[in-house]
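Biologist: Thanks for sitting down with me. Could we go through this model together, one question at a time?

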Amino acid sequence: MHGFYRVASAVNKTTIANPLANAKEILNLINEAYNSDVSTVLFPELTLTGYTASDLLLNQMLLESQNEALAYILQETQTISTVAIIGIAFMDRDRLYNCAVVIQNGKLLGIVPKTYLPNKKEFYEKRQFISGRDITEQEINFLNQTVPFGVDLLFGNQQEMLFGIEICEDLWAVTPPSNYMASSGANLIFNLSASNELIGKAEYREELVRTQSARCMGAYVYASAGVGESTTDTVFGGHAIISEYGSTLAQNKRFSLESSIITADIDLQRLKWLRLNESSYCDENVKPFRSILLTNTPTISRLQRFVNPMPFVPSIYQEKKHRCEEIVQIQAHGLIKRMQHAHIKKAIIGISGGLDSTLALLSTHRAFEIMGWDSKDIIAITMPGFGTTSRTKNNATELCIALGVTLRTIDISSISLEEFKAIGHNPDEHTVTYENVQARARTSILMNTANREGGLVIGTGDLSEIALGWSTYNGDHMSMYALNSGIPKTLIQYVIEYFKSNSAIATIIDDILATPISPELLPHSGDEIVQETESIVGPYELHDFFLYHFIKYGAKPSKILFLANYAFEKYDEETIKKWLKLFLRRFFTQQFKRSCIPDGPKIGTINLSPRADWRMPSDADMHIWLGELEE
């Protein structure tokens, strides 16, 4: 379903040196996973014997009992299509290996030996095992089946899934085997582990798993031995973690006295296309791996995953504050460099009382504070026209006064009327010409003022408007430095809120945030805004959502629609589809504006500057995208 797969990390209640008892616990968890539509379930290291069996692993009785228990599991799972990854001690040619065995529908699909064996402090694995690092291209006979054996195995279906396996210490090595697996196409890594608990180790362990998922540009599932292992000298908490591309999707509560399982729905389709869009992944050498084909694994009927409706906005308050500080610093220092290089000491900015010009003014003011420049050299110009209301004009004026910048007011009504007369336009016809004449009049005033004052015109348009082309070509589309060009509308609101810590402007900011988004180009009624942008082009929260998934990893329109249905409960599918169609049409038809936008600082991972992240022909055809959405 759109590349989503449900995976599980299971921690079984362990009975040391009793493989049959462990097998029964394993079977219960496999059945639970299967009934929950899990495609693949992972178990801890040396699952059947217990990791702390130690030198008992060198005893013939325990190994025979383990193999009998595994045969029992195979017999009981013949009708179960969920893939299970179980830890075993495996002997081949009189050598003992610490291994993972992959099973599905009662069949052994492959056995992967551990590469790095810890032999320090509380770990002495070289007493029992040898490394399988050099084992490739081998097949062995085991439990009456011919089974691929080696560190060169990847397992996958015929769609998006391709996974590799490493075992415990492999992850902690300087060069984890998963690096090579990922560069050879594996987008999912499973790790069977037995990591004991120490103060602070759990946090480090989670960070290790999470960062490795980011490094591999994939998903990483981790299962560690739990309560039931020997506490002679160490205690095992049973840590289960599922991470995807640097984010932890699920993590269990350690020290459970019973068997437990966690699941998460991972987006392998997204990961596959991120590799094309985001990194130097394709520059890595592909190593030879054998691919083992999985039969049909369970598919999910309903997504059990949080889909963030605001992908550009951090969800945790502390992160928001930190992120906003970073954004303002990037904006401020970008502007400082530009002004210093051009030997310019004045900034010219058009102020409307709306979100975008407010943020541009606040960030410009911050730049001047950092450098100790006189805030009077920020020339803020309000340019009321036919649609300007007293609410927005007053907010703009009060903000400028509170910040101590130079405030000027230039009414564009008479200028626009002269333009209408010159081109023969009837001012009673409120067409696009009526609107654009005003927008270009404002830009002309800003540019000419900058020339007169020796200043730099600060652009206020944001990333969302750039994506939709919601600007007047050579009007508000143009500036000398586009300060907001890397910030989407949904994030701009949060960055402005960050400035509320300044009590002198907090009340003004509250009213600006509460004001409907509008270009105020059409005549108002009773001093009330009549032209609301979101009623014309649609909610910006939807368009930012569409933009993120369309650009970040090239998602198909049908998948964007699918995700939006989960993310936004307040919109029905037809409403989302309506605005998604509009987004696609405007995104394709308005590229010509993006092809010649002014310089501006990149803020996040998504940017539409033709010099930075996005190169697209202005005459590209949109119909295959619209067609896919309809189909």
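Biologist: How many residues does the largest nonpolar core have?

Modeller: Happy to start there, with the reminder that this is a predicted model. The residues with the most contacts inside this core are F155, F163, I165, L188, F546 and F587. Counting the whole set, the largest nonpolar core has 121 residues.

Biologist: Which helix gives the most to this core?

Modeller: The helix in question spans residues 540-553. It supplies nine residues to the core. The name you want is α16.

Biologist: And how many residues are in the second, separate core?

Modeller: Among its members are Y97, I103, I111 and F149. This second core is separate, and its size is 32 residues.

Biologist: Back to F163: which phenylalanines does F163 touch, not counting residues up to four places away in sequence?

Modeller: With those sequence neighbours left out, the partners of F163 include T40, V83, I85, V102, L154, A186, L188 and L294. The list also holds the phenylalanines you ask about, F155 and F190.

Biologist: How many charged residues are in the contact of α8 with α9?

Modeller: On the α8 side we find T358, L361, L362 and H365, which meet L399, C400 and L403 in α9. These contact residues divide into five nonpolar and two polar, and the number of charged ones is none.

Biologist: Is N484 buried or exposed?

Modeller: N484 sits in the loop between β22 and α13. Its contacts include Q331, D356, L359, G459 and I492, not counting residues up to four places away in sequence. Buried means under 20% relative accessible area. N484 has 0% relative accessibility, so N484 counts as buried.

Biologist: Which residue has its backbone oxygen 2.9 Å from a polar atom of the N484 side chain?

Modeller: Among the residues N484 touches are T460, G461 and D462. The backbone oxygen at 2.9 Å from the polar side-chain atom belongs to T460.

Notes: Residues are numbered from 1 along each chain as its sequence is written. This is a predicted model: local features need pLDDT of at least 70, side-chain atom pairs count only at pLDDT 80 or more; totals for chains, interfaces and linings use all residues. Side-chain values use heavy atoms; hydrogens and water are left out. A nonpolar core is a set of buried Ala, Val, Leu, Ile, Met, Phe, Trp, Tyr and Cys residues joined through side-chain atoms within 4.5 Å. Buried means under 20% relative accessible area, exposed over 50%, partly exposed in between (1.4 Å probe, protein chains only). Helices (H or I, at least four residues) and strands (E, at least two) are DSSP runs, numbered from the N terminus. Contact means heavy atoms within 4.5 Å. Ala, Val, Leu, Ile, Met, Phe, Trp, Tyr, Cys and Pro count as nonpolar, Asp, Glu, Lys and Arg as charged, and the others, Gly among them, as polar. A polar contact is a pair of N or O atoms within 3.5 Å; within protein, one must be able to donate a hydrogen and the other to accept it, and residues adjacent in sequence count only if both atoms are side-chain atoms.
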